[in-house]
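Good morning, colleagues. I would ask you to look at the sequence and the structure together while I go through the chains, their surfaces and their charged pairs.

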Amino acid sequence: MNPTLKKPRESVDLSELTQSTFPDEVLEKVLSLVQSHKDRNSASLVCKDWYNAERWTRTKLFIGNCYSVSPEIVARRFPKIKSVTLKGKPRFSDFNLVPENWGADIQAWLDVFAKVYPFLEELRLKRMAVSDESLEFLAKSFHGFKVLSLLSCDGFSTDGISSIAAHCKSLTELDIQENGMDDISGSWLSCFPDDFASLEVLNFASLNSEISIDALERLVSRCKSLRVLKVNKNVTLSQLQRLLVRAPQLIELGTGCFLPDLTSRQYAELESAFSNCKNLHTISGLWEATYRYLPVLYAACASLTFLNLSYATIRSGEFLKLLAHCPSLRRLWVFDTVKDEGLEAVGTSCPLLEELRVFPADPFEEDIVHGVTESGFVAVSAGCPKLQYVLYFCRQMTNAAVATIVRNCPDFTHFRLCIMNPGQPDYMTNEPMDEAFGAVVKTCKKLQRLSVSGLLTDLTFEYIGRYAKNLETLSVAFAGRSDWGMQCVLEGCSKLRKLEIRDCPFGNAALLSGLEKYESMRCLWMSACSVTMNGCRLLAQERPRLNVEVIKDENSDDSADKLYVYRSVAGPRRDAPPFVVTL
Amino acid sequence: MTTIYENNDLATELRLGLPGTTDESKTELSNNKRSSSDLNHHDQQDSSSTPKVQIVGWPPVRSYRKNIVIQTKNSNCDISQGMYVKVSMDGAPYLRKIDLRFYKSYQELLKALENMFKHPIGIYLEKEGNTTCGSNYVLTYEDKDGDWMLVGDVPLDMFINSCKRLRIMKGCEAKGLGCI
């Protein structure tokens, strides 16, 4: 810079600067391009202008805990919402730990949305209570409604789905997955009007009742943009063939039942139908696909990235052959019936694998040792260095095996290991599994989610607190020795958002050590631990912005059987059932 | 389409007892006086004498997936015994035997027989009035009623259960065979 042309110093009016250089329209335009709700949350904290620009431009709402905010508060802040994602019950409700009628009813939300967001297009619900009346209300209140996704919800029946099919003329997605619902009949499918043709996603794989295959064929024929079709197990192979020839553009397919019922000509036709599906990336379903007819899939497997065999108790023999045709696999879900041999084949055939989930076929069978062991897991890790997400159910594990696994795959972001016998030690050394999880947290710097199991002392939690600096979700069961364990986690894991604990010897001291922490977390669940009502009351007193809820047993003693703590700007729940005590 | 949800772990059935209570197993495990090796041994003894009481919600398996497994188990049949039938080929001096249960599709069966007799065989297709590969030979079988049938018309399972013997027949003779 030329010193003779130096500008005289003047005081600068900063507000003038911001007003003249950054009009609202520009700010809104820029912010409307920001999609991630986390980024938007951050942006809204910058200053008042940004807060306002952000709230006017947000169209997608993500609420991870429906009780952390109220529909009225949401409606006041965000005027232009088109898409809502809502999650309700605590995750342990999936395992029957939360009694029925706990709450998370969608109707209160729909009432407000109907008034404030008449142009609502998308609703994705997880673990919410949804009634048929609510579904009918939804179908009739939002005329441009496009996307309905229900995962792990309960309280509705196929009648509610009929309302959606009948009234949502612009529907593009209907995704019904693993809900606690009443499957009365398959007539809902026939409720789509004859001229309805906008469907892009249809998933009714978890429904059991029979639908009209003719109605489905006609629907599939009309919906030229259909890219995801997941049928239920009542659809036979010959029926599937007729659907496939009408929808060769599918990207995701969930087959029906794979029982052998084809003549040789039908087999050839099915094989040909699959080979015409050039865009298939995901295949699931495959009920009863034990050893016959899997070869019909081979032609479609070259570009497969996600193979979901978690409905098929497939054995290692045919699994090996199928895998040989799937070199591009990135995600694989499978039952442990494939055994270690099957997993060895995964290691050799699927070098691009990023996600592996191995589910137990016989979770309650104790006497016979079967399923997968540590060597299967090690074999996969040796051949699949890109592994990031694993969910692994097994009956035996060693510290050494886990250390090897994470040495092979240091990029784990999600490590969920379930040794099915609670409190089981390293079966070779008889030591606790502390060093296994120590290795995981020391090696996997990007770890976001961890589920631990086996015999664990407080040392595991010391390791977690010291090393797992990116950990956001931790699930603990039948582990630990004293309050110290839980304290280590609460103190050390700065990014922790969700902590769920069951059957551990953590008490009030541990609970209260997290006083500073819970408002920065989504929620804490503690059941069958050593926490008392007094401890919970103290927590509630010290932190009025937390909702401290105890689900009480019929016992009148002082133990807090199930504790659920979460931050909320909406205050205590107004719809809590009698067995939920808000402190 | 990327779903925002992960398909999570699964669940157990409800067992008898108050919601949220666990059973004796919990008190065993939280008894820190017992060393880990004792615990293991005790469990092993238990599993042979008394059935282990199920803990609510453990292993964390959703009831939806558990029910699938039970249904699948009931309809699975392990093929343990062989099912050998005689195979004759017109013009060949010796008969052979094959295990029908070994084959997972008609294509595999055909290939095996072609290998065995070192000669291409066709499956008769009514439409063209000819065999698939233009071969002179066609595969037929004798069913339970003693009738000679063309192979390929019925689902494989049905065929396996009704086939008593196989005959690789000369094409000119096969033309006389009608289907229903």
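This is a predicted model: local features need pLDDT of at least 70, side-chain atom pairs count only at pLDDT 80 or more; totals for chains, interfaces and linings use all residues.

Let me begin with a definition: a residue is called buried when its relative accessible area is under 20%, exposed when it is over 50%, and partly exposed in between, using a 1.4 Å probe and the protein chains only. By that scale A:Phe22, at 38% relative accessibility, is partly exposed.

Residues are numbered from 1 along each chain as its sequence is written, chains are lettered from A and ligands numbered from 1 in the order in which they are written, and side-chain values use heavy atoms, with hydrogens and water left out.

I turn to the overall build of chain A. Its secondary structure comes to 20 helices and 23 strands; helices (H or I, at least four residues) and strands (E, at least two) are DSSP runs numbered from the N terminus. The radius of gyration of chain A, taken over C-alpha atoms, is 26 Å, close to the 25 Å that the globule rule gives for 583 residues, so the chain is as compact as a globular protein of that length. That rule is 2.2 Å times the number of residues to the power 0.38. Along the principal axes, the C-alpha atoms of chain A fill a box of roughly 85 × 75 × 65 Å.

Of the 583 residues of chain A, 59% count as buried. The accessible surface of this chain comes to about 23000 Å², and 52% of that belongs to carbon and sulfur atoms. Such areas come from the Shrake-Rupley method with a 1.4 Å probe, and for residues only the protein chains shown count as cover. As for contacts, meaning heavy atoms within 4.5 Å, 70% of those in chain A between residues at least 6 apart in sequence join residues at least 24 apart.

Chain B has six helices and seven strands. Read along the sequence, they follow the pattern α-α-α-β-β-α-β-β-β-β-α-β-α. Of the 180 residues of chain B, 38% count as buried, and the accessible surface comes to about 10300 Å², with 51% belonging to carbon and sulfur atoms. Among chain B contacts with a separation of 6 or more, 52% are between residues 24 or more positions apart.

Let us return to A:Phe22, which is found in the loop between α1 (14-21) and α2 (24-32) of chain A. Together with A:Val26 and A:Val30, A:Phe22 forms a nonpolar surface patch with about 230 Å² of accessible area. Patches are made of residues with over 30% relative accessible area and no salt bridge, like charges being joined within 9 Å and nonpolar side chains (Val, Leu, Ile, Met, Phe, Trp, Tyr) within 5 Å.

Next, the charged pairs. A salt bridge here is a side-chain nitrogen of Lys or Arg within 4 Å of a carboxyl oxygen of Asp or Glu, and the count over all chains comes to 30. In one of them A:Arg58 pairs with A:Glu54, the closest N and O atoms being 2.8 Å apart. A:Arg58 is buried at 3%, and A:Glu54 is buried at 0%.

In another, the side chains of A:Arg127 and A:Asp94 meet at 2.9 Å, N to O. A:Arg127 lies in the loop between β3 (122-126) and α7 (132-141), and A:Asp94 in the loop between β2 (83-87) and α6 (107-116), so the pair ties together parts of chain A that are 33 residues apart in sequence. A:Arg127 counts as buried at 7%, as does A:Asp94 at 9%.

A:Lys146 and A:Glu121 also form a salt bridge, at 4.0 Å from N to O. Since A:Lys146 lies in the loop between α7 and β4 (147-151) and A:Glu121 in the loop between α6 and β3, this pair ties together parts of chain A that are 25 residues apart in sequence. Both A:Lys146, at 31%, and A:Glu121, at 21%, are partly exposed. A network of salt bridges links A:Glu122, A:Arg124, A:Glu173, A:Glu200 and A:Arg227.

How many disulfides does the structure hold over all chains? The count is zero, a disulfide being a pair of cysteine sulfur atoms within 2.5 Å. The sulfur of A:Cys66 is 11 Å from the closest cysteine sulfur, in A:Cys153, which is too far for a bond. A:Cys66 is buried, at 3% relative accessibility.

Finally, A:Thr282 sits in strand β11 (residues 282-284) of chain A and is buried at 7%. Leaving aside neighbours within four places in sequence, A:Thr282 is in contact with A:Ile251, A:Glu252, A:Leu253, A:Leu304 and A:Phe306.
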